[in-house]
Amino acid sequence: MGAFQIFPSIPICQTDLPLDWYQEEFRPYAEEYLALPDRLPETVFGWLDGYVRPACEHFGDALLLVAHYYMGGEIVKLVERYGGAVGDSYQLALKARDNPRKRVIVESAVHFMAEAIALLARDDQQVWITNPKAGCTMEMLAKDYMVLPVADQLIERYGEDLLVVAYMNTSGRIKQLAGRTGGAVCTSSNAGLVLRWALDQGRKVLFVPDEHLGRNAAHLLGIAPDRLALLGDPREGHHRIGETPGGLEELDHADILLWRSFCGVHTIFTPEMVRWHRQQGREVLVHPESRLEVAAVADGVGSTSYLWHRVMDAPPGSRFAIGTEGHFVRNACEQGAARAVEVVHLAEVPGFRQGGCGCATMSRNDPPHLAAMLDLLRRGDAPDINRVLPGDDVDELTMRRDRLSPAEREELTRDARIAMERMIQIAEAGAG
Ligand code: SF4
C-alpha cells in the first residue's frame, strides 16, 4: 500500500474527546495532547514522536500498527508514518496470520476487527486495541445474547438445513456460531461469493447482522426478493421466530433469513442523492451496507477496498461521489486531489445537513490513545483491558469485559477459525 502524502497545511481535525472519556492510565497523555497549541501535523507528530519512536525502537520488527480506512485521516497518517498498515476489515483480519514475526499488534479501529485479528493469531502474538470502547453499532444489535436464542429456535425448526453466514462485523461468539453450523464468515468484498457457496449446498442461510449487505448481495446474485425474510427487530425484544408479519410461513419459504441490523453511517443515503450527483457529472459509488434502493441506482457498489482503488486508479479529471464513511471519503478526497481526481461525499447535497458522517465509535481512537498504548506497552504497564483475546465481550459504555475461560476460548477459537478460514478459501478461489 502506498504511503500517504502528508499535507503540512491541513490541520489535524479529529474532534478532541473530553478528558473523562479516557481510561485512567491514558489521561496524562490526553492532558498533554489537549494542551498542545494546535492540531497541525507538525505539532501533533512532534509530540507523538516522543512516545511512538521509543516504542518502535523497543519492539523493533515485532511491532505492527494497524488502522482501518475509516479512522480519521490523522490516525491513518500516523500509522503509516510509523510503518504500519491501513486496510479494510478483511485485510486487517489477516495481519497476524500473514505476519508471524509480528508479536505485538496494536489496532486503531473497532473491537470486532481487533478480535478477528486475534482469532487468526498464533499463541505468541498479542493483539491490543487503543480504545476498547470502540465498538460497532451494527455489531451491538447482534450481541450473542440476542442472536443465539433466535439461532437455537431456527436450528430446532430447520435442523442441519440451517447454516449461519456471519459478516465480519460480528463478535467472535457469532463467528463461532457460523463455524458450528458449517457456515462461514464474509466481508463486504466477498459476501456474494460466500452466499453463493452457502446456497449451492441447498441450505437455508441465517445472515447476521447487516440486512442491507445481505439484501444487496442476494440482489446481485439474482435471488428473488420473496426468497428473503427479515427477522424481528432486536431493539424491540423479538425473541420468538415467526412473530414478524409474514410469520413462520415466510421463514419456511425463504432461502435467506436476514438479521435486522444496520450501519447508521451507511443508511443515510437516498436515491435522490445519487441522481443529484449524477446530474453534476459525477460517478456514484456506494458501499453495500447502503440500502438496496440506493445501491441499485449507483454506478458502482463495492467494499471499502474497491472504493479506495476506484479512486486511486482513476485517470486525472475523474469525478466521484462516494457513499460511505466520512473519514474514508475525506482521506480519498485528499489523495484524489493530489492527482486531479475529485471526490465528494454522497450526502453532500443541497439541503441535507448530515453530510460527511463518520464512524463515531471508531473515532474513539485518537492520537493520545495511540501514544498511551504504545508507551505503556514499552514500559510493561499496559492495562489488560486493552488486550484483545478471542471471545472477549466489552461493554462499549462501561468498558466492563466478559472474558471466557481458557477452555471456552480454545473451543471458540477453533470453531470461529473454521468459519474464517472457509471465507478465505472461498474468497481466494473466487479471486483466482
Ligand atoms: S461504519 Fe458502521 S458498520 Fe462500520 S464500524 Fe462503524 S458503525 Fe460499524
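**Ligand shell, a parallel sheet and a helix pair**

The ligand is surrounded by Tyr70, Val110, Cys136, Thr137, Met138, Asn169, Cys263, Val265, Glu325, Cys359, Thr361 and Met362 (near: C-beta, placed from the backbone, within 6 Å). This is a predicted model, where local features need pLDDT of at least 70, side-chain atom pairs count only at pLDDT 80 or more, and totals for chains, interfaces and linings use all residues. Residues are numbered from 1 along each chain as its sequence is written.

**Shell**
- By class, the shell has 8 nonpolar, 3 polar and 1 charged residues.
- Nonpolar means Ala, Val, Leu, Ile, Met, Phe, Trp, Tyr, Cys and Pro; charged means Asp, Glu, Lys and Arg; the others, Gly among them, are polar.

**Sheet**
- Four strands, in the order E2-E1-E3-E4, form an open sheet with parallel pairing (strands: DSSP E runs of at least two residues; helices: H or I runs of at least four; both numbered from the N terminus).
- E2 (85-87) and E4 (126-129) are the edge strands; each has a single partner, so one side of each lacks a neighbour in the sheet.
- Parallel strands E1 (residues 63-68) and E2 are joined by 3 bridges (pairing needs at least two DSSP bridges).
- Ala67 has Val86 in E2 as its bridge partner.

**Helix pair**
- H10 (residues 191-200) and H11 (residues 211-220) pack at about 70 degrees, axes 9 Å apart (axes: lines fitted to C-alpha atoms, for helices over the stretch in contact; angles from 0 to 180 degrees between N-to-C directions).
- That makes H10 roughly perpendicular to H11 (65 to 115 degrees; under 35 is roughly parallel, over 145 roughly antiparallel, the rest oblique).
- Ala191, Gly192 and Leu195 of H10 meet Leu213, Ala217, Ala218 and Leu220 of H11 (contact: C-beta atoms, placed from the backbone, within 7 Å).

Conventions: Two residues are in contact if their C-beta atoms, placed from the backbone, lie within 7 Å.
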